[in-house]
Amino acid sequence: MNYLEIDKTIKIPIYKQIANCISNAIEDGRLKHNFKLPTEKEICTLLQISPTVAKKAYETLIQDHKIKRIKGKGTFVNTRNLFEMQMHEFYQIERYATLQKSKHTNHIILKEYVTNDIVVNRILHLNEGDGTYLFLRLIKVGDDPVLFQKIYLPEKYFPNVIELFDKNDSLYTLLENKYNMPIQNIHNTLSAFNAPSEIANLLDIEPDDAIYFVQSKYVIDGIGTAAYIWDYLPGEYSELEVSVYAE
Amino acid sequence: MLNNIDNIAIDKRSTVPFELQLKDSIKALIFDQTFIYNTVLPTIGELSLKFDIDTSIIEKAYLSLAKEGYITKSDPYKVTYLELTNHFFFRDTTIYDAIIEIGLTPSIETVKTKNVKLTREENIDIGFRPDETLFYMKRVYKGNDVPIIVLENYLPLSILPGIDQKMVLSEPLGKFMFEQYGLKNVLSNRKTKAVNLPLLEAKLLNQRKNIASIQSVNKVYDQYNRLIDYGISHAVNNYYFEVNISRDEILNYYKK
């Protein structure tokens with residue numbers, strides 16, 4: 001714990017000194033992502049301070065997203081970036097990557113042809129027996145997984161999509177440029193969801209952690225919903241902002 | 001009350017288990033808003049009769065939907081998936097009015113009130129005066145007596161003198177601020193995250209600890225551009241909200 005240097009003779013509160021020491025060690029690279037920090041009890045014993053002070057130090061760092069607690073495992077350094085976007089712009093991954101001065105990489109995990117999926121058929125107004133292509137795609141910015149997608153594209157609107165859909169295509173590129181379908185609007189519903197283990201694993205979070213679950217319907221004139229997407233964003237690392245003005 | 005048995009479909013020739021088909025069929029009806037909040041679902045007996053399948057299969061499907069927060073746990077089975085947002089997130093509407101707009105009777109239960117003094121840094125971080133004293137209240141907003149949102153408010157006493165004495169705790173805050181202080185909520189900035197519900201909030205919302213919940217950190221500014229309310233809310237798990245992205249917005253981004 002040579003990153004801790006506390007001076008009880010100065011006026012700066014001890015919790016703040018502890019938080020500053022850890023924060024500085026993270027910033028100058030002495031403490032790396034996922035480094036396990038001492039328990040609050042260990043800090044109390046070492047520094048001869050009360051549990052409240054140690055707790056406050058860690059709470060301050062958690063609030064600032066610099067450390068994270070994992071139930072049953074401990075407290076860890078967290079250098080993962082927060083995906084901060086305006087609510088209406090949550091799909092603008094390229095822009096976020098640019099703001100982060102980082103690159104985004106897309107990875108298609110699965111391509112599949114499905115029929116008679118009740119939810120998908122109902123949302124896409126498909127008839128019994130109509131087929132839909134399903135793509136599972138993970139999008140990372142730098143090393144951070146920011147979005148996992150289940151993309152449902154009905155065969156009747158997207159023939160040959162297995163060949164035409166490139167892993168780096170946005171849905172805009174696919175619909176507007178490759179299928180000549182002008183998007184009228186994207187209707188999204190957002191809710192909170194506990195991550196099943198397979199999705200947690202992809203998003204590099206713990207199973208049961210909260211995630212944003214977004215259902216997106218791409219609406220096309222004369223068709224209605226032509227593409228149906230399920231987006232999953234890691235809750236702890238995604239913050240969506242909206243400003244509402246009085247009418 | 002509506003009984004929606006005719007909307008629910010399963011395919012008896014499919015290899016997908018009936019339990020899963022039933023669950024997905026009801027989920028689809030909820031997602032496309034055929035079944036909205038409080039819709040009464042058919043009884044287990046009615047579905048068993050309609051599809052000629054064992055009641056235990058239907059019971060399992062209902063149980064699984066209840067576990068995921070889509071419906072109530074016992075007969076009468078009702079949809080609990082709640083659309084609040086069009087009335088709340090994108091308009092300058094209070095939670096109280098939003099509950100009225102979705103057709104429920106609102107009520108507010110106060111859990112805790114106190115005056116608090118944050119550190120100078122904390123006050124500055126939030127946007128209050130460095131030496132501000134705040135009136136804190138934690139309240140549960142309910143619709144038809146069912147908890148929907150827990151909201152904690154921090155209110156500056158320098159702008160709202162005496163609010164710790166005057167506040168009628170069962171009243172919505174916006175209305176009270178206007179009537180007592182002539183202050184209007186002009187701008188509300190909301191930052192939302194999906195979080196695991198802490199134990200205390202879970203108890204207040206009748207939810208399991210750690211269930212996923214939308215958290216919103218709100219800052220409300222008055223007509224003089226002053227921060228008059230800093231709030232943190234947690235919603236029940238079955239709460240969701242909508243974001244509609246227009247063609248203009250899409251083109252503005254992709255055509256740049």
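Colleague: Hi! How many residues does the contact take from chain A and from chain B?

Modeller: Hello! This is a predicted model, and in it chain A brings 58 residues to the contact while chain B brings 55 residues.

Colleague: Thanks. What area is buried between chain A and chain B?

Modeller: About 4800 Å² is buried between the two chains, and carbon and sulfur atoms give 54% of that. On the chain A side, Arg122(A), Tyr172(A) and Val244(A) supply 14% of the area that chain A buries against chain B, more than any other three residues.

Colleague: Switching topic: which residues touch the most other members in the largest nonpolar core?

Modeller: That core has 72 residues, and the ones touching the most other members are Leu153(A), Phe158(A), Val161(A), Leu174(A) and Leu175(A). Strand β9 of chain A, residues 210-220, gives the most to this core, with five residues.

Colleague: And what does Leu175(A) touch?

Modeller: Leaving out residues up to four places away in sequence, Leu175(A) touches Phe158(A), Asn180(A), Met181(A), Ile183(A), Tyr218(A), Ile220(A) and Ala227(A).

Colleague: Nice. How many cavities of 30 Å³ or more are there?

Modeller: The count is three. The largest cavity holds about 240 Å³ of space.

Colleague: Which residues lie nearest the centre of that largest cavity?

Modeller: Tyr91(A), Arg137(A), Gln149(A), Leu171(A) and Tyr254(B) do, out of 25 lining residues. Strand β8 of chain A, residues 183-194, gives the most to the lining, with three residues.

Colleague: What's the lining like by class?

Modeller: It has 14 nonpolar, seven polar and four charged residues.

Technical notes
Residues are numbered from 1 along each chain as its sequence is written. Chains are lettered from A and ligands numbered from 1 in the order in which they are written. This is a predicted model: local features need pLDDT of at least 70, side-chain atom pairs count only at pLDDT 80 or more; totals for chains, interfaces and linings use all residues. Side-chain values use heavy atoms; hydrogens and water are left out. A nonpolar core is a set of buried Ala, Val, Leu, Ile, Met, Phe, Trp, Tyr and Cys residues joined through side-chain atoms within 4.5 Å. Buried means under 20% relative accessible area, exposed over 50%, partly exposed in between (1.4 Å probe, protein chains only). Helices (H or I, at least four residues) and strands (E, at least two) are DSSP runs, numbered from the N terminus. Contact means heavy atoms within 4.5 Å. On a 1 Å grid over the protein atoms alone, a cavity is a set of points where a 1.4 Å probe fits but cannot get out, and a pocket is an open set with protein on both sides within 12 Å along at least five of seven lines; lining residues have an atom within 4 Å of a point. Grid points are joined across faces, edges and corners, and a volume is the space filled by probe spheres set on the points. Ala, Val, Leu, Ile, Met, Phe, Trp, Tyr, Cys and Pro count as nonpolar, Asp, Glu, Lys and Arg as charged, and the others, Gly among them, as polar. Buried area is the accessible area (1.4 Å probe) that two parts lose on being put together, summed over both.
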